[in-house]
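Student: Could we go through this structure together? I'd like to start with the overall picture and then turn to details.

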Amino acid sequence: DVQTRVTDVVLGKEKPVEESDPEYEKLKQYIFELEEHLAEAQKQAFLLVKKHKAFSDFGIKAEIYSYKLQNEADNVLMNFEEPLKDYVRAVQSIKATMADRANAFSQQCELTETAKLKEINL
């Protein structure tokens, strides 16, 4: 009877009779293949979005580290390099003073020698 056949078809016990039109079969095959391709495209899109988010997170972290490194560089400049520059200037000033002292000592020695020679010649 018809009701039993419909019940069997619904429950999967019996395959329903399908159209056998070649155009319909081509379209049906195309739809099944399209579904597979769309599922793969969706999977690849998901992976692409996931990778973009990872790169975005990496970019954000890189920017944060860059900012921290810039702050550290500024701290090194102010707390290390600038004082070293001051020390170098101080040492250069001391060296210049020592050179001036050496020149003054040389002049004093020359003047002393000149005075001794003048005493001898007198």
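Student: How many helices and strands does the protein have?

Tutor: The secondary structure comes to 2 helices and 0 strands, where helices (H or I, at least four residues) and strands (E, at least two) are DSSP runs numbered from the N terminus. Please keep in mind that this is a predicted model, in which local features need pLDDT of at least 70 and side-chain atom pairs count only at pLDDT 80 or more, while totals for chains, interfaces and linings use all residues. Residues are numbered from 1 along each chain as its sequence is written, and side-chain values use heavy atoms, with hydrogens and water left out.

Student: What span does H2 reach?

Tutor: H2 has 100 residues and reaches 138 Å from its first C-alpha to its last, close to the 148 Å expected at 1.5 Å a residue; the expected span is 1.5 Å times one less than the number of residues.

Student: And where is the kink in H2 centred?

Tutor: The kink, of about 40 degrees, is centred on Leu 77, the bend at a residue being the angle between axes fitted to the seven residues ending there and the seven starting there.

Student: Changing topic, what share of the residues is buried?

Tutor: Buried residues make up 1% of the 122 residues, with buried meaning under 20% relative accessible area, exposed over 50%, and partly exposed in between (1.4 Å probe, protein chains only). The protein exposes about 11,800 Å², and carbon and sulfur atoms supply 61% of that area, as computed by the Shrake-Rupley method with a 1.4 Å probe.

Student: Which residues form the nonpolar patch on the surface?

Tutor: Leu 27, Tyr 30, Ile 31, Leu 34 and Leu 38 form that patch, with about 480 Å² of accessible area together. Patch members have over 30% relative accessible area and no salt bridge, with like charges joined within 9 Å and nonpolar side chains (Val, Leu, Ile, Met, Phe, Trp, Tyr) within 5 Å. Ile 31 lies in helix H2 (residues 22-121), and Ile 31 counts as partly exposed because its relative accessibility is 45%.

Student: How many salt bridges are there in the whole structure?

Tutor: A search finds 2, each requiring a side-chain nitrogen of Lys or Arg within 4 Å of a carboxyl oxygen of Asp or Glu. Glu 82 and Lys 85 meet at 3.5 Å, N to O, and Arg 89 and Asp 86 meet at 3.3 Å, N to O.

Student: How far apart along H2 are Glu 82 and Lys 85?

Tutor: Glu 82 and Lys 85 are 3 residues apart, so about one helical turn separates them.
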